Amino acid sequence: MQPALNMQLTQVLGEEATLLVEAPGCMRRQEVLVGGSPAEQVKALMDLLTGKGTQALQTPDRTPEAPLGLCHADSRIPRHRAALLGRLGDSKELGEPPARLASLLLVDGLTDLQLREHDFTQVEATRGAGRAARTIALDGLFLPLSRVSVPPRVSITVGVAGVGKTTLVRHFVRLWAQGQLAKDVSLVLPLTFRELNTYEKLSADRLIRTAFQHIGESSLVVGAPTRTLLILDGLDQSKTPLDFSNAAACTDPKKEIQVDSLLTNIIRGNLFPEVSVWVTSRPGAAGQIPGGLVDRMTEIRGFNEEEITACLGQMFPEDQSLTNWVLAQVQANRALYLMCTVPAFCRLSGLALGYLYHHRRGTPDAAELSSPRTLSEIYSWYFRMALGGEGQDRGKVSPRIEHVAQGGRRMVGTLGRLAFLGLLRKKYVFYEQDLKASGVDLTLLHSAVCSCFLRQEEIPGASAAYCFSHLSLQEFVAAAYYYSASKRAIFDLFTESGMSWPRLGFLTHFRSAAQRTMQAEDGRLDVFLRFLSGLLSPRVNALLSDSLLAIGEHQTYRTQVASLLRGCLASEAAVSARAINILRCLQELQHTELARDVEAAMERGSLAELTSPAHRATLAYLLQVSDTCAQEANLSLCLSRAVLQSLLPQLLYCQSLRLDTNQFQDPVMELLGSVLSGKDCRIQKISLAENQISNKGAKALARSLLVNRSLTALDLRGNSIGPQGAKALADALKINRTLASLSLQSNVIKDDGARSMAEALATTRTLCMLHLQKNTIGPKGVQQMADALKQNRSLKELMFSSNSIGDGGAKALAEALKVNQGLESLDLQSNSISDTGVTALAGALCTNQTLVNLSLRENSISAEGAQPLARALCANNTLRNLDLTANLLHDRGAQAIAGALRENRALTSLHLQWNFLQASAAKALGQALQFNRTLTSLDLQENAIGDEGASAMANALRANTALTALYLQVASIGAPGAQALGEALAVNRTLEILDLRGNTIGVAGARALANALKVNSSLRRLNLQENSLGMDGAICVASALSGNHGLQYINLQGNLVGESGARMVSEAIRTKAPTCTVEM
């Protein structure tokens, strides 16, 4: 089994874990043997690299008998390309680069999260989502971004551990060597920091000679390249950090200096100023290079959902049931799913879950074989897979198990100290001298168990380099080592000094680890502490008993460790990433009481009662991990200023944040403005409705909008923002390029504020939705808005209801609509618009080709105003929704609208409630519906159409095949009208919603509708609330549902059936139609 396992590991983990192939002639310590003296060779190579001395190279002064030196480059470059391809091996193994590597994110520097936090924390805090950034194709990575810009000299590509940085470089080098991309680059020199680590000192000359050694034959004809690219892969693996502040300047290419100083001088341009430099690194290490030296920064995104599915599918191509099971486990665990956006982790999890799948076939009921819930459980399964054993056998320890246990403990003892000290020293690549210093048994390095964790790369001319297949494996092995060593060590394992006698024991060492982790500003010990905590969980103990852990030993420490971890949260004023990591440690420990308490409070809406530091940290943790908060973090009615202030660092990463009705005043807006101004801010939507924000708070938010690049929706309705606050927000809109929706509903911006918004609309190209309801805006303000609409092309929705624009404002907007070709929704509800104003709007509808939704609710439109509106509907072919609720149409106005419906082929929704309509209006509309094939929703509620009108609607339903919703609430309909509707429903196959609330259909009407329900298959919702059905009518309807399989909702409230009758009817409906929701 083990050889096959190793082969699978190589295939699956190899892409991310295999070290970059050695650069041409990788760092060998021999001289380059080419024609001419050594000095001439070096000079020619340097001139070739920097593009200098071109003329001398093109017209060499030599005799025919002179040896061919570095004279003609035409044949050298093809040889160089061939050598690179040879070192890359079979190019078919690489294939074409996946989409996420073929197109990188073009980012503007590193965020604080990337600079300060562990890679896992970066993925978890951002929920695996990349930054909103433009992309750049791999082929254009080193090209100018525009015609007026220049190619970048120093480029950095960042990505978390295991995302594919080395794979990206391999793809690039292969495609360049094959002539498929970067054709403007004549020479590519790929180097890794793993190679460079083997040198203490190097000169620029020597660096280049080693890179060119494989093509140094004297017979080669060399020419000068137009552009050279030096690749430095894996800055995070550098033995010595790059110190740009203290590194001495060096311009002498022959001078031997420390390798880190050599690289800083190359990046600064003191050496090889004409050479382009491409550095790849994990984000934290990339911060060593000053931003002022970086011309272009790109980022590799992780897997998306489709890529996770494809990756797991490729791992088990011959077993679809296994693939489906593994994918289901990943999708069921949100924390696991987020981490699977990292390709290397996705493959590692796939291996562990695949092993679990095969292992549980024999004993599917064993508790330890249930689906993993934590990272520690995933890595424990990987550990068991690496050992190749079957774990424990119902408590019996067989010789095979003893052998496995011995191998597991020996492996941890061999590699654990190396892994642990590496974490402390930020060392992730190890050489033979490191292994010897850590007491590693070199004979075990090639064992099957070690090969699952540690990978080896041969460095020509130097000892081999070793690294863990993924950073997280180093952390897991380090935690296992610390767990084992801390039970017997009498000194601080972090310093190996300061004897702790007589306070010995595991808890003392665990406390030390927790304290060190909390103090580590870069978070490098976070995941280590998670694994250390996870080793104490019952399920991990069951998984690793007799192979690494002693059976049941977790019971001795688990409760005390949980208390110790919770104690780390007691003094946290502001919730830091370290505090959230403590909550993740408690999750690994499977001690989740604190999280459950806060989650329950969130569901009850009683978060205001939980104000302790531990509760605040738990709330911040839930904002990251909760499925509910992933869609929207609703913190309305529960936050004080102090609690909000403590949460600010973690609110950055909420995509949608609701902070309504928290009595927040202007000083809180200063705090939120600082969050929105942060480079790390990922907030896309924020709602601050119903607070106490005035002009000063609006100005603070406006200042943040000047620099924010993530926010797309800002809801400020129900505050006290006046003209000055509106002006500040409008000025920000002129500059901001991301905000698409702004709501100032129910404020007091007045005409002056509307004028400011109009000025913003004249320039903005991103704002799509603007809500200005209830802002005391009159004709003057709307006139300026209308003038802006004549220029604006981005605004799609304008809500202007409950102002005082009158007919003058309606006329101004009508003139704008004749010109504007972008607005789709216009709400003019409650604006004192009469027939004069609607006539102007109707004229605009005759020519406008973009407006889809128009609300004229609660105005003063009479039958005279309905006439031009009807003519407009005959001409218009874009308006879909028209709301004329609560006007004064009467029958004559409705008849005019009905006449238009015979010709109109666009309108899908028409609201005519509260318009004093009677039976003649309903008859006209019913006749129109027999011809209309587009209207899907008709609302006639609160109109006294009576049984005669209901019968007219019923006749329409017999022939109409488009209408899906009919609202006839409070329409004076009795049993005859209901009987007509019932007969129509027996033949109609399209109506889905029928609302008859507030009528008097009685038992006879209920019986007619019940008969229809027995045969009707289209109706989904039926409202018979308050219809005097009585018990007989309710039972009649309930009985009919046994043969109906389409109805999903029925309302029988207010029908005088009594409490016991309601229970009986409800139970009958649930029995006969279990999928139907009933309200009684």
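Thr192 counts as buried, because its relative accessibility is 3%, and buried here means under 20%. The model discussed in this report is predicted, and within it Thr192 lies in strand E4, which covers residues 187–192. The side chain of Thr192 is joined to that of Glu195 by a polar contact of 2.9 Å.

If residues up to four places away in sequence are not counted, Ala900 touches Ala870, Leu873 and Cys874.

The protein contains 46 helices and 29 strands, and of the contacts between residues at least 6 apart in sequence, 82% join residues that are at least 24 apart. The protein exposes about 41,400 Å², of which carbon and sulfur atoms supply 50%.

Two packed helices are described by the angle between their axes and the distance between the axes. The table gives both values for two helix pairs.

| Helix pair | Axes come within | Crossing angle |
|---|---|---|
| H23 (residues 506–519) and H24 (residues 526–534) | 9 Å | roughly 155° |
| H43 (residues 975–985) and H44 (residues 1002–1013) | 8 Å | roughly 5° |

For the pair H23 and H24, the axes cross at roughly 155°, and therefore H23 runs roughly antiparallel to H24, since angles over 145 degrees count as roughly antiparallel. The crossing in which H23 passes H24 is left-handed. On the H23 side the residues that meet the partner helix are Phe510, Ala513, Ala514 and Thr517, while H24 contributes Asp526, Phe528, Leu529, Leu532 and Ser533.

For the pair H43 and H44, the axes cross at roughly 5°, so H43 is roughly parallel to H44, given that angles under 35 degrees are counted in that way. The contact is made on the H43 side by Ala975, Ala978, Gln979, Gly982 and Leu985, and on the H44 side by Ala1004, Gly1005, Ala1008, Leu1009 and Ala1012.

Terms used:
Residues numbered from 1 in each chain as written. Predicted model: local features only at pLDDT ≥ 70, side-chain atom pairs only at ≥ 80, totals over all residues. Heavy atoms only, no water. Helix = DSSP H or I, 4+ residues; strand = E, 2+ residues; numbered from the N terminus. Contact = heavy atoms within 4.5 Å. Areas by Shrake-Rupley, 256 points an atom, 1.4 Å probe, with all protein chains shown as cover. Buried < 20%, exposed > 50% of the residue type's maximum accessible area, 1.4 Å probe, protein only. Polar contact = N/O pair within 3.5 Å; in protein donor to acceptor, adjacent residues only side chain to side chain. Axes fitted to C-alpha atoms, helices over the stretch in contact; angles between N-to-C directions. Parallel < 35°, antiparallel > 145°, perpendicular 65-115°, else oblique. Left-handed = near helix turned anticlockwise from the far one by under 90°.
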